[in-house]
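Please look over the model shown below. A short report on its sheet, helices, core and salt bridges follows.

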Amino acid sequence: MLADYHVHTAFSNDSVYPMEDVVKDAISLEIEDICFTDHVDYGPYRDWDDPRGIEYRAGEEGEPEWVALTNVEYKKYFSLIEEMKEKYKEQISIKAGLEFGVQTHTIPEYEKLFASYPFDFIILSIHQVGDEEFWTNEYQSTRTQQEYNEGYYKELLSVVQNYHNYSVLGHMDLIVRYDEQGPYSFEKVKPIITEILKTVIADGKGIEVNTSNHRYGIADMTPSRDILKLYRELGGTIITIGSDSHKKEHLGAYIDWAKEELRKLGYTQFCTFEKMKPVFHDLMD
């Protein structure tokens, strides 16, 4: 079973990869199950029908001249997923998901969104704290390495304690990707990570292995092997694997590698999802 459960398309404001092209490419790669998980980040980004209007940023290489700073255009998104499901039903299983970039103060907006559409799968990620971005170094720039690492995990703990409509935590140690000061000691944040994982497990949720560590030059897995070992020791069993793809060359990348690394860590199964319920598969498949 080859599945990719973290896939972005042109519905995300950081991708120009058309959804149908993703499906065709996935079929050519012999991917059997794919889940679209385009970005929603309330706080920094607005919905298309926001009465305040839409903000834009200048496009980078390969992007339009101006890129709308918006969340997914939901009706078009879910409609197109249904169209893709029907058109390619004999060739691939297609699931409907989103990546929720939740912050504690934006939880009510995600509750409303989750109740509005039919989901198979939701990735819960922390991309900002206090609406300050990690990828631009906005959040880190005014804090010490200890403050921004601990602040990230404290926000993640607060979110999982107060929000429950999700399937897995995405790239759980994302702050590592944007830590210009290098690796921060796992032992220093282990107590709060333990609380996060205990909360996730008690809530019947899981975590993902995100294979984008390869393209970001991160030597360890994402999340780290320390986190994956701890999750298993605490009784965690729900694991998905995703490429976090935004381009053709990302799609399906290193999925087999991740499965082998999970086997080395003592895992025997990984999951796909259907209607927010995990479906377990042997890692040997």
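Leaving aside neighbours within four places in sequence, which residues is I196 in contact with? They are Y153, L156, L157, V160, L169 and M172, where contact means heavy atoms within 4.5 Å.

## Basis of the model

This is a predicted model, in which local features need pLDDT of at least 70, side-chain atom pairs count only at pLDDT 80 or more, and totals for chains, interfaces and linings use all residues. Residues are numbered from 1 along each chain as its sequence is written, and side-chain values use heavy atoms, with hydrogens and water left out.

## Nonpolar core

I196 belongs to the largest nonpolar core, which has 83 residues. Such a core is a set of buried Ala, Val, Leu, Ile, Met, Phe, Trp, Tyr and Cys residues joined through side-chain atoms within 4.5 Å. Buried means under 20% relative accessible area, exposed over 50%, and partly exposed in between (1.4 Å probe, protein chains only). L98, F100, Y153, L156, L169 and I196 touch the most other members. In soluble globular proteins, nonpolar side chains tend to be buried together.

## The sheet

Seven strands form an open sheet with parallel pairing. Their order is β1-β2-β5-β6-β9-β10-β11. The edge strands, β1 and β11, each pair on one side only. Helices (H or I, at least four residues) and strands (E, at least two) are DSSP runs, numbered from the N terminus. Two strands pair if DSSP finds at least two bridges between them.

β10 and β11 pair in the parallel sense over four bridges. V209 has I241 in β11 as its bridge partner. α7 packs on the sheet and touches β1, β10 and β11. The direction of α7 makes about 150 degrees with that of β11. α2 lies across β2 and β5, running at about 155 degrees to β5. Axes here are lines fitted to C-alpha atoms, for helices over the stretch in contact, and angles run from 0 to 180 degrees between N-to-C directions.

α1 spans residues 19–28. Its buried residues are M19, V22, V23, D25 and A26. Their cover includes β1 (3–7), β2 (33–40), α2 (74–87) and β5 (93–101). Just after α1, E30 takes a positive phi of about 65 degrees.

In α6 (residues 225–233), I227, L228, L230 and Y231 are buried. Seen down the helix axis, these residues fall within an arc of 165 degrees, so they line one face of α6. The arc is that of the directions from the helix axis to the C-beta atoms. They pack against α4 (145–162), α5 (186–202), β10 (206–210), β11 (239–242) and α7 (255–264). G235 follows α6, with a positive phi near 105 degrees.

## Salt bridges

The structure holds 15 salt bridges, each a side-chain nitrogen of Lys or Arg within 4 Å of a carboxyl oxygen of Asp or Glu. R52 and D50 meet at 2.8 Å, N to O. R52 is exposed at 58% relative accessible area, whereas D50 is buried at 16%. K76 and E73 meet at 3.7 Å, N to O. K76 is exposed at 51%, and E73 is partly exposed at 28%.

D120 and K85 form another bridge, their closest N and O atoms being 3.7 Å apart. This pair links distant parts of the chain, 35 residues apart. D120 sits in the loop between α3 (107–114) and β6 (121–125), and K85 in helix α2. D120 is buried at 6%, and K85 is partly exposed at 25%. D220, R225, E261 and K264 are linked in a salt-bridge network.
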